[in-house]
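Welcome, and please take a moment to look over the sequence and the model below. We will then walk through the structure together, one part at a time.

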Amino acid sequence: QVQLVESGGGLVQAGGSLRLSCAASGSIFSIYVMGWYRQAPGKQRELVASISSSGRLNYADSVKGRFTISRDNAKNTVYLQMNSLKPEDTAVYYCNAAIRHTIVTGTYNHWGQGTQVTVSS
């Protein structure tokens with residue numbers, strides 16, 4: 001069993017900053033890609049940023065230059081530093097991780113429960 005626990009969401013004014021954290025725990029042999037997705041009301045879930053186990057980064061165009069993703073492999077934790085927030089960044093943010101549970105199992109996709117980020121204008 002694996003759990004992804006997110007924290008750090010909240011209400012912030014436009015131009016402000018928030019830092020999201022997501023810690024994975026449970027049966028973990030290795031974690032490959034970790035990432036953050038978001039879903040605004042009435043919209044599809046979209047990728048915000050991802051980071052591979054080797055540190056390769058990927059960002060949505062809408063957040064480039066404002067958001068920074070990082071990870072601490074020793075803590076099985078991924079972070080999302082969000083600066084210069086805009087009202088259009090308002091959404092539920094979900095942590096995602098591709099996790100191999102044991103040396104003999106495959107890799108499975110896991111999601112966190114989501115954390116609300118609201119940016120007021």
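**A walk through the strands**

In β8, arginine 71 has valine 78 as its bridge partner. This is a predicted model, where local features need pLDDT of at least 70, side-chain atom pairs count only at pLDDT 80 or more, and totals for chains, interfaces and linings use all residues. Residues are numbered from 1 along each chain as its sequence is written, and side-chain values use heavy atoms, with hydrogens and water left out.

Let us stay with strand β8. Strands here are DSSP runs of E with at least two residues, numbered from the N terminus, and two strands pair if DSSP finds at least two bridges between them. Strand β7 (residues 67–72) runs antiparallel to β8, and six bridges join the two. Strand β3 (residues 18–26) is also antiparallel to β8 and also joined to it by six bridges. Valine 78 turns up again here, as the β8 bridge partner of cysteine 22. Is β8 enclosed or open? Five of its six residues (77–82) are buried, so the strand is largely enclosed by the rest of the structure. Buried means under 20% relative accessible area, exposed means over 50%, and partly exposed lies in between (1.4 Å probe, protein chains only).

Next come the loops on either side of this strand. Most residues other than glycine have a negative phi. Asparagine 76, in the loop between β7 and β8, has a positive phi of about 50 degrees although it is not a glycine. The hairpin of β7 and β8 has four residues between the strands, and asparagine 76 is partly exposed at 23% relative accessible area. Serine 84, in the loop between β8 and β9, also has a positive phi, near 50 degrees. Serine 84 counts as partly exposed, at 43% relative accessibility.

Now look inside. A nonpolar core is a set of buried Ala, Val, Leu, Ile, Met, Phe, Trp, Tyr and Cys residues joined through side-chain atoms within 4.5 Å. The largest such core has 30 residues, of which Trp36, Leu80, Met82 and Tyr93 touch the most other members. Strands that each supply at least two residues include β1 (2–7), β4 (30–39) and β11 (115–120). The most comes from β9, with five residues.

Strand β4 also holds arginine 38, which counts as buried at 6% relative accessibility. What does its side chain meet?

Finally, consider the aromatic rings. Rings of Phe, Tyr and Trp (its six-membered ring) pair if their centres lie within 6.5 Å; planes under 30 degrees apart count as stacked, over 60 as edge-to-face and the rest as tilted. By this rule there is one aromatic pair. The rings of tyrosine 37 and tryptophan 111 have centres 5.0 Å apart and planes at 65 degrees, so the pair is edge-to-face. Tyrosine 37 lies in β4 and tryptophan 111 in β10 (residues 107–111), so the pair ties together parts 74 residues apart in sequence.
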